[in-house]
Amino acid sequence: MTDPRPAGGQRLVAPPGIPRPTSWLPATLAGARRENAAARTLAFDVPGWPGHRAGQHVIVRLRAEDGYTAQRSYSIASAPGGDGSGDRIELTVQRLPDGEVSPYLTDIIEPGDQVEIRGPIGSWFTWSPTAGAPVQLIAGGSGIVPLMAIIRAVNGTVPCRLLYSVRTPDDVIYGDELERRSSGSRLAVTYLFTRPEGRRISAGVVAGATWAPEVAPEIFACGPSGFVEAAASLLTDAGHPPATIKTERFGPTS
Ligand SMILES: Cc1cc2nc3c(=O)[nH]c(=O)nc-3n(C[C@H](O)[C@H](O)[C@H](O)COP(=O)(O)OP(=O)(O)OC[C@H]3O[C@@H](n4cnc5c(N)ncnc54)[C@H](O)[C@@H]3O)c2cc1C
């Protein structure tokens, strides 16, 4: 399978079975919970939400009283139809101290407040329940968010491995849920703590924490651009066909 995206851009027309992006929809914050000191999960009620596939993201638009708007991309953390409410989606936002939008979402917005949401977006970086292959997930920092949606959607139906690179144990998002889900035999989690020793993803880390190419896993890697590029190149060096490696880069929204 080859990447169906046109060079330099996202596929514009969703293939059959993948929900298409809506126009802007009002979204009301229904609830929020803190994941760690910097990250918060937000549950939004979005009437008219068309559903999503694990791996997709949305654009959140904030509007000030003077009409100024700011918008950023956020991955959907909840599994499709996750909580039984078809109109509810969960996002997890990590605060960037000098950021414009993320501190509002992690520290200020309260239940009952409204934003606008457009989505779901993305057709390549999605997991399909019909795929059947073992799943290899590689997360850098907040890149865990769409991978958590995949773990929740997989829900033990196929074997799954997660390599999670994060600064320190205090920066882990979804730690309790990952521990609970990995107590069975269908999910294995390996943490790579990059601080204080400055450890980085390497051929040795990949060899120890990921499926071998012979297992033919479907691979999803998400995080900062440099991390994702390093992971993808180590995986191809290890013998994984590039077409089996799906990547999503978190960076400033263009
Ligand atoms: C497809 C996609 C999905 C995303 N999903 C998530 C998600 O699930 N959770 C989440 O927390 N974030 C996610 N992001 C990142 C998010 O869109 C914003 O970039 C992030 O919240 C920062 O926005 P801000 O307004 O606070 O910072 P800005 O005001 O935009 O930027 C502040 C400073 O930080 C730098 N910067 C901006 N974004 C990043 C970044 N991601 N990493 C490092 N430096 C950055 C800027 O260059 C600038 O110097 C995603 C990005 C993309 C493209």
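Analyst: Helices (H or I, at least four residues) and strands (E, at least two) are DSSP runs, numbered from the N terminus. The model is predicted: local features need pLDDT of at least 70, side-chain atom pairs count only at pLDDT 80 or more, and totals for chains, interfaces and linings use all residues. Residues are numbered from 1 along each chain as its sequence is written, and side-chain values use heavy atoms, with hydrogens and water left out.

The ligand is surrounded by 22 residues, where a residue is near a molecule if one of its heavy atoms lies within 4 Å of it. The closest are Arg72, Ser73, Tyr74, Gln94 and Ser102. At least two shell residues each come from strand 4 (69-75), strand 5 (88-94), helix 1 (102-108) and strand 11 (245-250). Strand 4 provides the largest share, 4 residues.

By type, the shell comprises 8 nonpolar, 9 polar and 5 charged residues. Here Ala, Val, Leu, Ile, Met, Phe, Trp, Tyr, Cys and Pro count as nonpolar, Asp, Glu, Lys and Arg as charged, and the others, Gly among them, as polar.

The side chain of Tyr74 places an N or O atom 2.6 Å from a ligand oxygen.

Key. A polar contact is a pair of N or O atoms within 3.5 Å; within protein, one must be able to donate a hydrogen and the other to accept it, and residues adjacent in sequence count only if both atoms are side-chain atoms.
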